Structures are given as structure tokens and as C-alpha cells.
Amino acid sequence: MSIEEGETLTVRFDEEPSVVTAYLVDYEGDITETYELEEEGNNTFKLEPMGLKTFEVHARFSNGRNISYTVLTDILESN
């Protein structure tokens, strides 16, 4: 997936989770860097910094179930 730096991405669920956290992870460097993303709205996250990163979302539901989702994301310089 490609997206411009600073754009937002909204994650939708069939049922509303009690906790959602999102990260950008840079696995390409000598040291893995993790960037916790701030929630801009309901399950909406602003993607930055730019570069090839893995977007990770972790959700916890009230019934104790946990899910995670990852996608390789190319965050491009905004125009």
C-alpha cells in the first residue's frame, strides 16, 4: 500500500474494540524502530514518518479476544 506522509488511515471492525493501538515499524534498519501512532479520530491514525514501514494494528475486545493486522506500507513524501 502507498500513502502520502501525514494522510490518515481508518481501520474498521465488525464490532467495536475496547482498545486499539497502531504502530509503524521499520524493520529495514540495523535496529528495528517502532513509532506509536496517535489516534486522530475513531480508529483513524496519521501515518508518519515517511519511508517503507509495516503498519501494525492491535485490537482488544471486551470478550478478551485480541487481533492484530499488519500491512507493508510505503509512506511517500507529501507534495
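Over the ring of which residue does the charged end of Arg-65 sit? The ring belongs to Phe-61, and the charged end of Arg-65 is 4.6 Å from its centre. Keep in mind that this is a predicted model.

**Overall build**

- Read from the N terminus, the elements of the protein chain follow the order β-β-β-β-β-β-β-β.
- The radius of gyration is 13 Å, close to the 12 Å that the globule rule gives for 79 residues, so the protein chain is as compact as a globular protein of that length.
- Taken along the principal axes, the C-alpha atoms fill a box of roughly 40 × 30 × 20 Å.
- Of the 79 residues in the protein chain, 29% are buried.
- Among contacts with a separation of 6 or more, 61% come from residues 24 or more positions apart.

- Three strands make up an open sheet with the order 2-6-5, and their pairing is antiparallel.
- Strand 2 (8–10) and strand 5 (39–41) are at the edges with a single partner strand each, so one side of each has no neighbour in the sheet.
- On average, neighbouring strands of this sheet are turned by 40 degrees against each other, direction ignored.
- Strand 2 and strand 6 (residues 44–46) run antiparallel and are joined by three bridges; in one of these strands, strand 6, Lys-46 is the bridge partner of Thr-8.

**Strand 3 and its partners**

- Strand 3 (residues 19–26) runs antiparallel to strand 7 (residues 51–60), with seven bridges joining them.
- Val-20 has Ala-59 in strand 7 as its bridge partner.
- Strand 3 also pairs with strand 4 (residues 33–36), in the antiparallel sense and over four bridges.
- In strand 4, Thr-34 is the residue opposite Val-25.
- Strand 3 and strand 4 form a hairpin, with six residues between them.

**Around Phe-61**

- The count of aromatic pairs comes to one.
- That pair is Phe-13 with Phe-61, in an edge-to-face arrangement with 6.0 Å centre to centre and 80 degrees between the planes.
- The pair links distant parts of the chain, 48 residues apart: Phe-13 is in the loop between strand 2 and strand 3, and Phe-61 is in the loop between strand 7 and strand 8 (66–76).
- Phe-61 counts as buried because its relative accessibility is 4%, where buried means under 20%.

Methods: Residues are numbered from 1 along each chain as its sequence is written. This is a predicted model: local features need pLDDT of at least 70, side-chain atom pairs count only at pLDDT 80 or more; totals for chains, interfaces and linings use all residues. Side-chain values use heavy atoms; hydrogens and water are left out. Two strands pair if DSSP finds at least two bridges between them. Helices (H or I, at least four residues) and strands (E, at least two) are DSSP runs, numbered from the N terminus. Axes are lines fitted to C-alpha atoms, for helices over the stretch in contact, and angles run from 0 to 180 degrees between N-to-C directions. Rings of Phe, Tyr and Trp (its six-membered ring) pair if their centres lie within 6.5 Å; planes under 30 degrees apart count as stacked, over 60 as edge-to-face and the rest as tilted. Buried means under 20% relative accessible area, exposed over 50%, partly exposed in between (1.4 Å probe, protein chains only). A charge sits over a ring if NZ of Lys or CZ of Arg is within 6 Å of the ring centre and within 35 degrees of the ring normal. The radius of gyration is taken over C-alpha atoms; the globule rule is 2.2 Å times the number of residues to the power 0.38. Contact means heavy atoms within 4.5 Å.
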